[in-house]
Amino acid sequence: MARSDAPLDSPAKHPPAVVLGVVTTDLLNTSEPLPLEAAQQALKLLPGVAADSHRHPVEQAVSPDLFYGVDCRLATIRGAQPRAIGTVRARAVLTAGHVLQGSARVDVVLDASTRRMPWSYYAACTGTVEAINKADPADLVSGFLKTPNGSGLLDLGGIGTQVMALLDDIPQVDGRADMRTVASRLRWAVLVREGVDLDAEVVAGSDGAFQVRMTAPSELVPRIVAFCEILALHQWLLAALKNAFDRAGRSPKPMDELDPALSYLGHVWNPTAHLPTEIAWLWEALEHDAQLTWEWESTVTRVRDKLSLLTRKAIEGTLHKEFL
Amino acid sequence: MLIFASSDKGGTGRSVTSCNLAYRLSLLGRDVAYLDFDFGSPTAGAIFEIPKMERGTPDGGLHSYILGEATEPARVDVRKMTERTSLQERPPGSGKLTLFPGDFGGAEFHLTDNHIKAAMKLFHDVEREFDVCIVDLSAGRSSALDISLNAISPRVRKKKQDKDKDRIRWLLFHRWTTQHVIAAGGLLFGDKGIVPYAMEVGFKRADFMRLVRTVRTAVPDTSAFGEKTTAEQTLWVTRSDDHLKALAKGRSLGQDLLAGTTPLEPMLLWREQVIMDLDVNRRLAKPATAQAFDKLATKVDDDEAWEGI
Ligand SMILES: Nc1ncnc2c1ncn2[C@@H]1O[C@H](COP(=O)(O)OP(=O)(O)OP(=O)(O)O)[C@@H](O)[C@H]1O
Ligand SMILES: [Mg+2]
């Protein structure tokens, strides 16, 4: 119990009951991939804090965490929607200088207080929201995964998009990506249980995007975030390449679809590069069922075959003209 | 490409023609988005025959998006959601057809910088995903129209420096009668018209006029008189047409500005809908109607045909 003369009990003392996250993925809207140095500059979203980065095996830069204040409802399936107040943690991840992700997540603390506290109380504990009404953790997990949108609800996807939009305005980004792409959203939720082994299930949501539902101790959360970002990246890559192939089949200029797709994305697939070891089994299980890498490779082959066919035809066309 | 659909009067056929244009463009293989910016009366859901969306969506439509109440606008895959079975099929070689519905019970609102920013973001996002985005504006000089003009003004689209690649079309729909021609001219060129406002937000007049074309809708021919027409009627129709052509030309809405003409289609007199080739094959719709929509789609899609009329 907080005494009146003592600082208010910080929510940090309360462990989260659930952790919720959304990863939004799309192509950075620029014609050429950003070199790593430029990416580091671009992702320096806070003054004085450098972006994290690595060069191998795939170049990647990660922005510092940004925090967004929220006062919203949390989706549920059975119970009433609790009101939650606090801050959401979000970051931008740029892979191969071209694939951009907005990754937002929040720890949800239950039963800490039953009334709205002054803002300073919430600001003291970043990346956490506190629900001021009763809620069942498992219900929050299901509600979050099954309710993509709704007015007044926690909108992690929207926050991820906001972080991504910060990159639209920088000078290195020319706004002329040569490829049509569809942004994708991966939702994930962890029911926090200390001392248990990670249990996880990946399912396809109503929009076809993967969703990850997990039970895990809180110490694993950073690795779970990394896993979900990797999963989102690769599901997006596959969808983007297939979309380009599909569009090439009906475009008057099929080369204009296939060429950028291959040069932008062809070299990016490497799901195990930064996969945390504790969670590698989940990727393997997924590969076993969904065969994502096989599908990627066969799609790349189809794109290459089609490109070389088109190139050959184009060359034959010119030769033919010269001959005439 | 962004295509704006405007008209002075209500009931000109702006929405029905635009939906048919969207459908035909998707048949040509383009990925098409239809943005219902007729905030007061969004009807695209009804035209595409999407249940529970006849008058917009109950949650998070474009109206809420522009107001900043929804971070992502609702969207519907028309082929997945339409009640019309023949429309559900995606013919080989055709592209996506996605509706961004308006809100049920939406209304017009004031013009603010935030609304313009939201529209800019929306256009930016849909253009990255779709080949063609058709924006159905409300009739007259509405706030939807003002927001749109601000959002496409050269002042704010600076990142697309390559002017030739910035594909924007502005369609003005009007019926083929004296009053409609006069009204359409007024909306485009009048003191409070589209062109003066476009110039106010930063367009050069000539640049904006390069974007503008008209569509004459539901144009009748002598058959409107009945199966057999008298020589007098035929002559009268020719004269009236000539008179209208002269009127249109006098109001700078002549042939050089014309993108297409749709014939009076009996099916559309009963029901606002997509006219499919199937309807022609079943001998319900006039072949000329399907052809007119197709021709308009082809023209809009082809830069040279569009420019060099
Ligand atoms: N070519 C045509 N032949 C006959 N009727 C048509 C034709 N095109 C449209 N119509 C009919 O005209 C009416 C008005 O069309 P529509 O709703 O598209 O107009 P609008 O300009 O969008 O009107 P509003 O401003 O009210 O939104 C509808 O009943 C429609 O079916
Ligand atoms: Mg309409």
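Predicted model: local features only at pLDDT ≥ 70, side-chain atom pairs only at ≥ 80, totals over all residues.
**Entry: chain contact.** I began with the side of chain B that touches chain A. I found 14 residues of chain B in contact with 16 residues of chain A. On the chain B side, I sorted these residues into eight charged, five polar and one nonpolar.

**Entry: a helix pair in chain A.** I then examined α5(A), residues 221-248, and α6(A), residues 254-265. Their axes come within 8 Å and cross at roughly 160 degrees. Because an angle over 145 degrees counts as roughly antiparallel, I recorded α5(A) as roughly antiparallel to α6(A). I noted the crossing as left-handed. From α5(A), the contact draws on Leu237(A), Ala240(A), Leu241(A), Ala244(A), Arg247(A) and Ala248(A). From α6(A), I listed Pro254(A), Glu257(A), Leu258(A), Ala261(A) and Leu265(A). By class, this contact holds nine nonpolar and two charged residues, with no polar ones.

**Entry: helix α3 of chain A.** Which residues of α3(A) are buried? In this helix, residues 137-146, I found Leu140(A), Val141(A), Gly143(A) and Phe144(A). The buried residues of α3(A) pack against four strands of chain A: β1 (18-27), β6 (99-109), β8 (184-192) and β10 (210-216).

**Entry: ligand 1.** I counted 21 residues around ligand 1, of which Gly10(B), Gly13(B), Arg14(B), Ser15(B) and Val16(B) come nearest. Two or more shell residues each come from α1 (14-27), β7 (212-219) and α12 (266-270) of chain B. The largest share, four residues, belongs to α1(B). By class, I recorded 11 polar, six nonpolar and four charged residues in the shell.

Technical notes: Residues numbered from 1 in each chain as written. Chains lettered and ligands numbered in written order. Contact = placed C-beta atoms within 7 Å. Nonpolar A, V, L, I, M, F, W, Y, C, P; charged D, E, K, R; others polar. Axes fitted to C-alpha atoms, helices over the stretch in contact; angles between N-to-C directions. Parallel < 35°, antiparallel > 145°, perpendicular 65-115°, else oblique. Left-handed = near helix turned anticlockwise from the far one by under 90°. Buried ≥ 20, exposed ≤ 12 C-beta atoms within 10 Å, placed from the backbone. Near = placed C-beta within 6 Å.
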